[in-house]
Amino acid sequence: MATAVADATAGAPAPEAPIEAFTVTLIIRRFDPDVDDEPRWQDFDVQMFATDRILDALHKIKWEQDGSLTFRRSCAHGICGSDAMRINGRNRLACKTLIKDLDITKPIYVEAIKGLPLEKDLIVDMEPFFASYREVQPFLQSATEPPKDKERVQSVADRARFDDTTKCILCAACTSSCPVFWTDGQYFGPAAIVNAHRFIFDSRDEAASTRLDILNDKEGVWRCRTTFNCTDACPRGIQVTQAIAEVKQAIMRGKP
C-alpha cells in the first residue's frame, strides 16, 4: 500500500509557491478645501501583491488606514474612465496600472490630473472638460430620414474611417496631459477634438461642416502643438495626435 501511495504522489505536480506580498509606499497629493490652503503630500505604506493595481492600493488605504482619502472610481475595468490620475508623473487609469509595472523600490507618487480645478484629493471638477465636449456636438446629425423600418447602412470601409476615435471613454487623460490645456483653459483639448472627429468622418452624419467651423477657431485645433502627450496618455490607445491632424486637414480642404 505504501508503495502505491508513493507511486501516485511521485507524478503529482509540485505545489505552487505562495504568492509573496510586499510593502509599497504611496505618496499621495492630498487636499481638503475645508482645512487646507494648499495641497500637501502624505505617504502610506501598504501590503500589496504584484498583480494588484494602483486602484487596489487606494482602496486599501481608504478602507484600512484613512477613510477620508477621496477619489473617483466606478467599473474598475478601464471602461468608465472615472479614475484617471497622475501616477509617477504620467496620466494613467488607476484600475489599469499594475503594481508590478512600476518601480516599487521607490515611492509611487499619485496626484490628481492637471489643468482642471482641484476639488479634493484626487478629484477634479470635470465640468470644463465636458463643456468643451458638448460644444463640438458629439452626436449624429442628419436631416435625411433612414429607409422605412431600416437603419442607416454603412460600409466596412466607411466605418473604419473613424473606428479609432469611437474608443474614447472621456477619462480626460489626454486633455489633462496637454501643456496647451494647462496654460489655456479655453482650448477645446484633445478629447473634444477626438469626439468631433468621430462624427466629422462618419458617412451617416450631415453636420461635419458645422463641427469644422467650431474647431476652426483660435481655441480649436490650431492650438495643438503636436507634442504627442495626448497619444501617450490615452489608455485606449487612440492615435489622438493623428486624429487632430486629420481634422486640421479637413478644415483646410473644407470637407472631411
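The legends below describe close-up views of a predicted model.

Residues are numbered from 1 along each chain as its sequence is written, and side-chain values use heavy atoms, with hydrogens and water left out. Because the model is predicted, local features need pLDDT of at least 70 and side-chain atom pairs count only at pLDDT 80 or more, while totals for chains, interfaces and linings use all residues.

**View 1**
Contact (heavy atoms within 4.5 Å) involves 14 residues of domain 1 and 15 residues of domain 2. Between them the domains bury about 1100 Å², with 64% of it on carbon and sulfur atoms. Buried area here is the accessible area (1.4 Å probe) that two parts lose on being put together, summed over both. Of the area that domain 1 buries against domain 2, Asn91, Lys114 and Leu116 supply 42%, more than any other three residues.

**View 1. Polar pairs and elements at the same interface.**
The count of salt bridges between domain 1 and domain 2 is zero, a salt bridge being a side-chain nitrogen of Lys or Arg within 4 Å of a carboxyl oxygen of Asp or Glu. Two residue pairs, both at pLDDT 80 or more, are in polar contact across the interface of domain 1 and domain 2. A polar contact is a pair of N or O atoms within 3.5 Å; within protein, one must be able to donate a hydrogen and the other to accept it, and residues adjacent in sequence count only if both atoms are side-chain atoms. On the side of domain 1 that touches domain 2, the elements giving two or more residues are strand 3 (84-87) and strand 4 (90-93). Strand 4 provides the largest share of that side, three residues. Helices (H or I, at least four residues) and strands (E, at least two) are DSSP runs, numbered from the N terminus.

Helix 6 is largely enclosed by the rest of the structure, because 11 of its 11 residues are buried; buried means under 20% relative accessible area, exposed over 50%, and partly exposed in between (1.4 Å probe, protein chains only). The buried residues of helix 6 pack against helix 3, helix 7 (208-215), helix 8 (229-233) and helix 9. Asparagine 195 lies in this helix, residues 190-200, and has a relative accessible area of 9%. A polar atom of the asparagine 195 side chain lies 2.8 Å from the backbone oxygen of alanine 191. Leaving aside neighbours within four places in sequence, asparagine 195 is in contact with Tyr133, Pro138, Cys168 and Leu170.

**View 2. Lysine 248 in helix 9.**
Helix 9 (residues 240-253) holds lysine 248, which is buried at a relative accessible area of 15%. Not counting residues up to four places away in sequence, lysine 248 touches Val221, Trp222, Cys224 and Thr226. Lysine 248 and cysteine 224 are 24 residues apart in sequence and 9.9 Å apart in space, C-alpha to C-alpha.

**View 3. The salt bridge of arginine 30 and aspartate 121.**
The closest N and O atoms of arginine 30 and aspartate 121 are 3.0 Å apart. Arginine 30 belongs to strand 1 (residues 22-30) and aspartate 121 to the loop between strand 6 (118-120) and strand 7 (123-124), 91 residues apart. Both partners are buried: arginine 30 has a relative accessible area of 3%, and aspartate 121 has 2%.

**View 4. The salt bridge of arginine 161 and glutamate 246.**
In this pair the closest N and O atoms are 3.3 Å apart. Arginine 161 lies in the loop between helix 4 and helix 5 (179-183) and glutamate 246 in helix 9, so the pair ties together parts 85 residues apart in sequence. Arginine 161 is partly exposed at 35% relative accessible area, whereas glutamate 246 is buried at 16%.

**View 5. Two residues with positive phi.**
Most residues other than glycine have a negative phi. Asparagine 88 has a phi near 50°; asparagine 88 lies in the loop between strand 3 and strand 4 and is partly exposed at 32% relative accessibility. Aspartate 149 has a phi near 60°. Aspartate 149 is found in the loop between helix 3 (127-135) and helix 4 (156-160) and is exposed, with a relative accessible area of 72%.
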